[in-house]
Amino acid sequence: MNTRKEAEAALSEFMDSDEKVVLLTGTNEYQKRVLALQTLVNQEEESTILFRSNYTENLKVYYGAFDTTFRTGRPYRVENHTLYIDTMKETSWEKSPLEVNHAILYPLDHFLTLKERQRLKVIDDLMRRVSGKILLVNFADDADYAWFSDIGERHVVYDVEEGDPPFDQKKKEFNFEYVPQK
């Protein structure tokens, strides 16, 4: 079993390494995306983070930000970091900054349903756009990730732990604040 502490330690080691991409999988379906964002937010230096998802509307549910209307191209403050969001559809990328420090791609399950050509475009764009770390995060733990060896080596697993509190008791809510652009 790979606990949260083990996953946090592995992600911390990844953040300190020269590696660019990590694959985060495991049976803890709801907490991997939280752990991914928390890993980036825990960095002391201000950074720009891109969250690439299947649909922008899902971020409300992913992070318990039900009062926030997420839109592509808009900056949101998350602690001392700036978060942008877009989707796996190429048409949404033009509203995102051309250069960001880090990125999260979630859910990989949706990404894997895309045609191979589109998947390559998503990954190629992230590799060009991101100067720092890219976290690829799945929802369910039932896919073949053999393709990952072409872009990265580190695979972190975060499984549900015995005695975990119910989802609504362990949900981490981030404070997302829209930052009007000048």
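Mentor: In this predicted model, strand β2, residues 48-53, pairs with strand β4, residues 81-87, in the parallel sense, and the pairing extends over 6 bridges. Within the pair, Ile49 stands opposite Leu83 of β4.

The pair belongs to an open sheet of 8 strands with mixed pairing, whose order is β7-β1-β6-β5-β2-β4-β3-β8. At the edges stand β7 and β8 (176-178); each has a single partner strand, so one side of each is left without a neighbour in the sheet. On average, and with direction ignored, neighbouring strands of this sheet are turned by 25° against each other.

Helix α2 lies across β1, β2, β3 (76-78), β4, β5, β6 and β8, and runs at about 170° to β6. Helix α1, in turn, lies across β1, β5, β6 and β7, with an angle of about 155° to β7. The 12 residues of α1 (4-15) reach 16 Å from the first C-alpha to the last, close to the 16 Å expected at 1.5 Å a residue. Ala7, Leu11, Phe14 and Met15 are the buried residues of α1. Seen down the axis of α1, these buried residues fall within an arc of 95°, so they line one face of the helix. They pack against β1 (21-25), α2 (32-41), β5 (102-105), β6 (134-137) and β7 (154-157).

The largest nonpolar core has 31 residues, of which Leu37, Phe51, Leu83, Ile104, Leu135 and Phe176 touch the most other members. Two or more residues of this core come from each of α1, β1, α2, β2, α3 (58-63), β3, β4 and β6. The most is given by α2, with 6 residues.

Residues up to four places away in sequence aside, Phe51 touches Leu59, Tyr62, Tyr63, Leu83, Tyr84, Ile85, Asp86, Ile104 and Tyr106. Two of these contacts, Leu83 and Ile104, are named with Phe51 among the core residues that touch the most other members.

Conventions: Residues are numbered from 1 along each chain as its sequence is written. This is a predicted model: local features need pLDDT of at least 70, side-chain atom pairs count only at pLDDT 80 or more; totals for chains, interfaces and linings use all residues. Side-chain values use heavy atoms; hydrogens and water are left out. Helices (H or I, at least four residues) and strands (E, at least two) are DSSP runs, numbered from the N terminus. The expected span of a helix is 1.5 Å times one less than its number of residues. Buried means under 20% relative accessible area, exposed over 50%, partly exposed in between (1.4 Å probe, protein chains only). The arc is that of the directions from the helix axis to the C-beta atoms. Contact means heavy atoms within 4.5 Å. Two strands pair if DSSP finds at least two bridges between them. Axes are lines fitted to C-alpha atoms, for helices over the stretch in contact, and angles run from 0 to 180 degrees between N-to-C directions. A nonpolar core is a set of buried Ala, Val, Leu, Ile, Met, Phe, Trp, Tyr and Cys residues joined through side-chain atoms within 4.5 Å.
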